[in-house]
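This briefing is for a reader who is new to the structure shown below.

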Amino acid sequence: MAGKFELWTDKGGDWRFNLKASNGQVIATSQGYSSKASAMNGIESVKTNAPDAPVVEIEK
């Protein structure tokens, strides 16, 4: 099975999503969104913008 996005509302009423790998491990977690449509746009943004995203190491 391929990875999947899980969409839910948190205790504060915001919409959030996780991207899970095929083994069930969470590999990305979203910010809170005020509407389901905004969360869905966030999912579409990840699908569109991340396939070839570079890895950039930063110092903290």
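A residue is called buried when its relative accessible area is under 20%, exposed when that area is over 50%, and partly exposed in between. The model is predicted. Phe5, Phe17 and Tyr33 make up one aromatic cluster, and there are four salt bridges.

**Aromatic pairs**

- A pair of aromatic rings is described by how far apart the centres are and by the angle of the planes.
- The count of such pairs is two.
- Phenylalanine 5 and phenylalanine 17 form an edge-to-face pair, with 5.8 Å centre to centre and 70° between the planes.
- This pair links distant parts of the chain, since phenylalanine 5 is in strand E1 (residues 4-9) and phenylalanine 17 is in strand E2 (residues 15-20), twelve residues apart.
- Phenylalanine 5 has a relative accessible area of 25%, so it counts as partly exposed.
- Phenylalanine 17 has a relative accessible area of 5% and is therefore buried.
- Phenylalanine 17 also pairs with tyrosine 33; here the rings are stacked, at 6.2 Å centre to centre and 15° between the planes.
- This second pair also links distant parts of the chain: phenylalanine 17 is in strand E2, while tyrosine 33 is in the loop between strand E3 (26-29) and helix H1 (36-49), 16 residues apart.
- Tyrosine 33 counts as buried because its relative accessibility is 17%.

**Salt bridges**

- Side chains of opposite charge can pair when their charged atoms come close.
- Lysine 20 and glutamate 6 are joined by a salt bridge between their side chains, at 3.3 Å from N to O.
- That bridge links distant parts of the chain, with lysine 20 in strand E2 and glutamate 6 in strand E1, 14 residues apart.
- Glutamate 6 is partly exposed, as its relative accessible area is 25%.
- Arginine 16 has a salt bridge with aspartate 10, and the closest N and O atoms are 2.7 Å apart.
- Arginine 16 has a relative accessible area of 25%, so this residue is partly exposed.
- Another salt bridge joins the side chains of lysine 47 and glutamate 44, at 3.6 Å from N to O.
- Lysine 47 and glutamate 44 are separated by about one helical turn, because they are three residues apart in helix H1.
- Lysine 47 is partly exposed, with a relative accessible area of 46%, and glutamate 44 counts as partly exposed at 39% relative accessibility.
- Salt bridges with shared partners join Lys4, Glu6 and Lys20 into one network.

**Helix H1**

- H1 has 14 residues, which at 1.5 Å a residue should span 20 Å; the C-alpha atoms at its ends are 20 Å apart, so the two values agree.
- Ala39, Gly42 and Ile43 are buried in H1.
- E1 and E2 are included in what covers the buried residues of H1.

**Serine 30**

- Serine 30 lies in the loop between E3 and H1.
- Its relative accessible area is 10%, so serine 30 is buried.
- The side chain of serine 30 reaches the backbone nitrogen of phenylalanine 17 at 2.8 Å.
- When neighbours within four places in sequence are left aside, serine 30 is in contact with Arg16 and Phe17.

**Glycine 24**

- Glycine 24 is found in the loop between E2 and E3.
- At 38% relative accessibility, glycine 24 is partly exposed.
- Glycine 24 and glycine 3 are 21 residues apart along the chain, and their C-alpha atoms are separated by 7.9 Å.

Terms used
Residues are numbered from 1 along each chain as its sequence is written. This is a predicted model: local features need pLDDT of at least 70, side-chain atom pairs count only at pLDDT 80 or more; totals for chains, interfaces and linings use all residues. Side-chain values use heavy atoms; hydrogens and water are left out. Rings of Phe, Tyr and Trp (its six-membered ring) pair if their centres lie within 6.5 Å; planes under 30 degrees apart count as stacked, over 60 as edge-to-face and the rest as tilted. Helices (H or I, at least four residues) and strands (E, at least two) are DSSP runs, numbered from the N terminus. Buried means under 20% relative accessible area, exposed over 50%, partly exposed in between (1.4 Å probe, protein chains only). The expected span of a helix is 1.5 Å times one less than its number of residues. Contact means heavy atoms within 4.5 Å. A polar contact is a pair of N or O atoms within 3.5 Å; within protein, one must be able to donate a hydrogen and the other to accept it, and residues adjacent in sequence count only if both atoms are side-chain atoms.
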